[in-house]
Amino acid sequence: MVVPFHVIDMLRRVRGKFSSPDDAARIAPNSERFAPLRPVKSASKTSVLRYWSKFAKPDATRDALADPMTLDQAELYTRNIENLIGTVKVPVGVAGPLRINGVNASGDYCVPLATTEAALVASYARGAYAASKAGGVSTAVLYEGVLRTPAFVFEGLYEAGQFVDWIVTHIDALKAAAEATTRHGKLVSLEPAIDNNIVFLLCRYTTGDAAGQNMVTIATNALCQHAVAHCPIQPLNWYVEGNFSGDKKASALGVLTGRGRKVSASVTLPAEVVGKVLQTTPQAMLEYGRVANLGSLLSGQLGAQAHYANGLAAFYIATGQDAACVAESAVGFTRMEPRGEDLFCSVTMPNILVGSVGGGTGLPSQQAALDLLGLSGSGNGAALAEVAAALCLCGEISIVAAMAAGHFTRAHANLARGRPE
């Protein structure tokens, strides 16, 4: 058996840290002089400064996080965070205007992107320019539904089957119990799945203009409590989420059925636009695309795409979305096909979880970003999802063109390392 060189090197470095038996004490349990901080849920200027008084850090460190505006607006953050000590400033750039001709999003959008990764905004802006020069991106929300999947544990398969039989004959009562907790959420499907003595219920909701993660959790908890209170077959235990839904993780279920909003976006790029804006040809992009798709297939990627996560993370942070949902939202399929001499490009993304209300969308900076888009507040959730998909399409166009033309490394060197510190 051959031990990889990096493993040998790692073991040598670990041994170098422990030159004597006494060194092992460094990684032994030690609870001496441990002083936990008092948790604070309701933020205020006083509570923030009280935390900083315990940190023994320079004033400059405190002021960088707890700046005057944050201190004056501390109460605004109470619903979004516990133990508030300040805010982090992430640079925000803009890609666009991006023309979208969608079922829900229609117009020219300046898309805010919050990131510390140089070249990212420039790449998405280039893709947006190419797509807009081609007449804009066509978009549509194809499906909607946020999953929560409670799990019920029984003595055996027989009891699990009896429970499912009761569930499917009491759908109306379960739906009423769930929807009594929310003005906007609607239970649109409930599908049991049995694994011997364990039953999962796939509860799918529409959530209005909110991303709806908390909404569906509270609704599902009420549904489960109703089931346990009224069903003659009692579970040994139950959990409001059985890790079946794909919440904040890439899953095959999400690829097949979607979670959040499923959106498709497309544009046909004339060969002239590809040449002038992207500095390559449709044929070169198609040739690279074939190699990239093979790489996706051989590596077992869920879906086939280049870098949805880049655009989504920057877009989610800027607009107050749950950034952890990028784990599932960044799944989907990019297609590029010839249309005569031109290039058809599309993305289909089954798990876009965004909202124009709720979550962090009401915080000062994030609301301003949504205002820049013209998509703040009620009535804009579906349009926001279409903007997210169109943005990802622009990123795919730009990165495939850069790879095909051999410009990828040069662009990052010029825009990141080429800048003075």
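Here is a chat about a predicted model of one protein chain and the labels its parts get.

Me: What makes Tyr 51 and Phe 55 an aromatic pair, and which kind are they, stacked or edge-to-face?

Reply: Ring centres have to lie within 6.5 Å to pair, and planes under 30 degrees apart count as stacked. The structure holds six aromatic pairs. In this one the centres are 6.3 Å apart, with 10 degrees between the planes, and that gives a stacked pair. Both residues sit in helix 2 (residues 45–55), four residues apart, or about one turn of the helix.

Me: Why is Tyr 51 called buried?

Reply: Buried means under 20% relative accessible area. Tyr 51 has 5%, so it is buried.

Me: And why does Phe 55 count as partly exposed?

Reply: Partly exposed is what lies between buried, under 20%, and exposed, over 50%. Phe 55 comes out at 25%, so it counts as partly exposed.

Me: What about Phe 200 and Phe 244: why is that pair edge-to-face?

Reply: Planes over 60 degrees apart count as edge-to-face. Here the planes are at 70 degrees and the ring centres are 5.1 Å apart, so the pair gets that label. This pair links distant parts of the chain: Phe 200 is in strand 6, while Phe 244 is in the loop between strand 7 (237–239) and helix 9 (252–257), 44 residues apart.

Me: You mentioned strand 6. What makes it mostly covered?

Reply: Strand 6 runs over residues 198–206, and seven of its nine residues are buried.

Me: How do you know which strands pair with strand 6?

Reply: Two strands pair if there are at least two bridges between them. Strand 3 (residues 137–148) has three bridges to strand 6 and runs antiparallel; among them, Arg 148 partners Cys 203. Strand 4 (residues 151–153) also has three, again antiparallel, including one between Phe 152 and Val 199. Strand 5 (residues 186–195) has nine, in the antiparallel sense, and one of them joins Lys 186 to Thr 206. The hairpin of strand 5 and strand 6 has two residues between the strands, and Asn 196 there takes a positive phi near 55 degrees.

Me: Which residues does Thr 206 touch?

Reply: Leaving out residues up to four places away in sequence, Thr 206 touches Glu 144, His 184, Gly 185, Lys 186 and Val 188. Glu 144 is 62 residues away in sequence, yet the C-alpha atoms are 6.3 Å apart.

Me: What makes you say that the span of helix 11 agrees with its number of residues?

Reply: The expected span is 1.5 Å times one less than the number of residues. For the 18 residues of helix 11 (residues 282–299) this gives 26 Å, and the end C-alpha atoms are 26 Å apart, so the two agree. Just after helix 11, Gly 300 takes a positive phi of about 75 degrees.

Me: Which residues of helix 11 are buried, and what do they pack against?

Reply: The buried ones are Pro 282, Ala 284, Met 285, Leu 286, Gly 289 and Ser 296. They pack against helix 10 (271–278), strand 9 (303–304), strand 10 (332–339), strand 11 (342–352) and helix 15 (381–405).

Me: What makes Arg 339 a charge over the ring of Phe 344?

Reply: One condition is that CZ of Arg is within 6 Å of the ring centre. The charged end of Arg 339 is 4.3 Å from the centre of the Phe 344 ring and sits over it.

Me: Last one: which residues have the most contacts inside the largest nonpolar core?

Reply: Leu 113 and Phe 315, in a core of 82 residues. Helix 15 gives the largest share of this core, 15 residues.

Notes:
Residues are numbered from 1 along each chain as its sequence is written. This is a predicted model: local features need pLDDT of at least 70, side-chain atom pairs count only at pLDDT 80 or more; totals for chains, interfaces and linings use all residues. Side-chain values use heavy atoms; hydrogens and water are left out. Buried means under 20% relative accessible area, exposed over 50%, partly exposed in between (1.4 Å probe, protein chains only). Contact means heavy atoms within 4.5 Å. A charge sits over a ring if NZ of Lys or CZ of Arg is within 6 Å of the ring centre and within 35 degrees of the ring normal. A nonpolar core is a set of buried Ala, Val, Leu, Ile, Met, Phe, Trp, Tyr and Cys residues joined through side-chain atoms within 4.5 Å.
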